[in-house]
Amino acid sequence: MLSGLLPSARFDADHDTFRETVRRFVDKAVLPHIDAWEEAETFPRELYREAADLGLLGIGFPEEYGGTPGDLFLELAMIEELTRAASGGLLASLFSHTIGAPPIVAGGSAELKARVLAAILSGEKISALAITEPSGGSDVANLTTRAVRDGDHYIVNGSKTFITSGMRADYITVAVRTGGAGAGGISVLLVEGDTPGLSRAPLKKMGWWCSDTAQLHFDNCRVPAGNLLGAENRGFELVMRNFNHERLALAMQAYGLARTCLTEAVEWATQRETFGKRLVQHQVVRQKLVAMATRIEATRALLEDLMRRMQAGDAPVAQLCMLKNFATQSLQFCADTAVQLLGGMGFMRGTKSERIYREVKVYMIGGGAEEVLNDLAARQLGWA
């Protein structure tokens with residue numbers, strides 16, 4: 001590889017075969033169009049079906065609903081290929097079901113799962129998760145959107161913001177308050193996109209341009225009681241369980257995007273000439289490239305160790321918090337260094353590092369802000 005990074009020893013023949021499938025998909029269906037999609041701030045809905053046909057949307061989901069057999073390393077192989085397109089926004093929306101649908105799997109009735117999961121995993125329908133509110137982000141236990149039982153329905157009122165795929169989602173997994181204050185009063189409902197009283201407004205962002213992000217408002221939305229996920233007032237557990245994989249997935253993406261920054265920086269350094277020699281022949285440039293590679297390799301080591309532990313049944317919450325923070329800090333370093341090495345070109349739209357540079361901060365905030373995760377890790381370790 002031009003980046004100089006070695007492939008993981010944990011990938012087997014099945015992982016490699018799937019990787020080739022994803023690579024062909026990225027080369028044919030994504031790379032020729034991604035710059036235009038970013039400028040248009042959207043991508044074709046048909047891409048969901050194309051990705052689903054190859055099994056990309058089904059990793060980690062039950063086969064009975066269209067899931068793809070495979071482990072976390074299959075997911076990592078996919079992410080490594082998809083991040084070659086240098087678009088976190090594409091990943092955010094194309095895979096918004098990976099945070100929207102797990103609570104359906106874990107807490108939905110048999111009828112509900114049969115009705116919605118196959119449609120989501122086939123790319124026919126789009127799934128989103130709505131937790132964050134205008135009044136607070138990471139403070140999930142104090143959310144204020146309320147759902148009141150009324151016969152065989154819940155009546156939902158409130159607002160959610162920064163919702164990925166919020167504009168065009170067909171199914172929205174919504175955290176609501178059904179009980180008293182705190183975590184013990186939270187439930188999770190599946191709200192269908194055509195529910196009367198649901199309104200949506202698009203949000204403009206620094207990065208993730210081709211991902212639709214919305215603010216949602218619920219005005220006396222009537223949601224069938226059968227759309228309750230899990231037990232009433234026990235939704236906080238579903239939300240927290242969901243965060244574990246979301247933070248792992250964000251770390252995977254940060255790792256993959258950092259690799260993309262390194263690859264582009266190495267390509268530039270081996271071709272660009274300054275002061276009579278190629279950039280890579282300057283010692284200071286080589287040192288910067290090695291510093292990038294070091295952080296990437298360290299991220300991969302921590303990432304793969306936690307993946308192995310999670311596959312063995314562990315739920316290392318503190319370590320997942322550390323991983324997500326370390327991976328995003330590594331991405332920040334690599335994006336900044338790549339832009340610096342590219343010089344003026346690094347400031348130009350069209351380079352991968354420029355786009356990634358604009359997207360770094362959302363990785364450091366989404367799935368739990370850095371400071372919140374550090375505090376959560378401290379509590380998990382018994383230090384608070």
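Reply: Let us begin with the terms for its parts. Helices are DSSP runs of H or I with at least four residues, strands are runs of E with at least two, and both are numbered from the N terminus. Please keep in mind that this is a predicted model.

Me: How many helices and strands does the protein chain have?

Reply: The protein chain contains 13 helices and ten strands.

Me: What is the radius of gyration of the protein chain, and how does one judge it?

Reply: One compares it with the value for a compact globule, which for 384 residues would be near 21 Å; the protein chain has 21 Å, so the two agree. The C-alpha trace spans about 80 × 50 × 40 Å along the principal axes.

Me: What share of the residues counts as buried?

Reply: A residue is buried when its relative accessible area is under 20%, exposed when it is over 50%, and partly exposed in between. Of the 384 residues of the protein chain, 54% count as buried.

Me: How many salt bridges are there?

Reply: A salt bridge requires a side-chain nitrogen of Lys or Arg within 4 Å of a carboxyl oxygen of Asp or Glu. By this rule there are 22 salt bridges. One of them joins Arg 10 to Glu 304, with the closest N and O atoms 3.9 Å apart. Arg 10 lies in the segment before α1 and Glu 304 in helix α10 (residues 283-311), so this pair ties together parts that are 294 residues apart in sequence.

Me: Which residue forms a salt bridge with Arg 355?

Reply: The partner is Asp 35, and the closest N and O atoms are 2.9 Å apart. Arg 355 belongs to helix α12 (residues 352-365) and Asp 35 to helix α2 (residues 34-40), so the pair ties together parts that are 320 residues apart in sequence. Arg 355 counts as buried at 6% relative accessibility, whereas Asp 35 is partly exposed at 39%.

Me: Where in the chain are Arg 168 and Asp 212?

Reply: These two residues form a salt bridge, with their closest N and O atoms 3.7 Å apart. Arg 168 is in the loop between β3 (153-164) and β4 (171-177), and Asp 212 is in the loop between β6 (198-202) and β7 (213-224); the pair links distant parts of the chain, 44 residues apart. Both Arg 168 and Asp 212 are buried.

Me: Which residues do salt bridges with shared partners join into one network?

Reply: The network consists of Arg 19, Arg 23, Asp 27, Glu 80, Glu 81, Arg 84 and Arg 259.

Me: Which residues gather in a patch of negative charge on the surface?

Reply: Residues in a patch have over 30% relative accessible area and no salt bridge. The negative patch is formed by Asp 12, Asp 14, Asp 16 and Glu 20. Glu 20 is located in helix α1 (residues 13-30) and counts as partly exposed, at 38% relative accessibility.

Me: Which residues form a nonpolar patch on the surface?

Reply: Met 322, Leu 381 and Trp 383 form such a patch, with about 330 Å² of accessible area together. Met 322 lies in helix α11 (residues 317-342) and is partly exposed, at 37% relative accessibility.

Technical notes. Residues numbered from 1 in each chain as written. Predicted model: local features only at pLDDT ≥ 70, side-chain atom pairs only at ≥ 80, totals over all residues. Heavy atoms only, no water. Patch = residues over 30% accessible without salt bridge, like charges linked within 9 Å, V, L, I, M, F, W, Y side chains within 5 Å. Areas by Shrake-Rupley, 256 points an atom, 1.4 Å probe, with all protein chains shown as cover. Lys, Arg positive; Asp, Glu negative; His and termini not counted. Charge placed at Lys NZ, Arg CZ, Asp CG, Glu CD. Buried < 20%, exposed > 50% of the residue type's maximum accessible area, 1.4 Å probe, protein only. Rg over C-alpha atoms; globule rule 2.2 N^0.38 Å.
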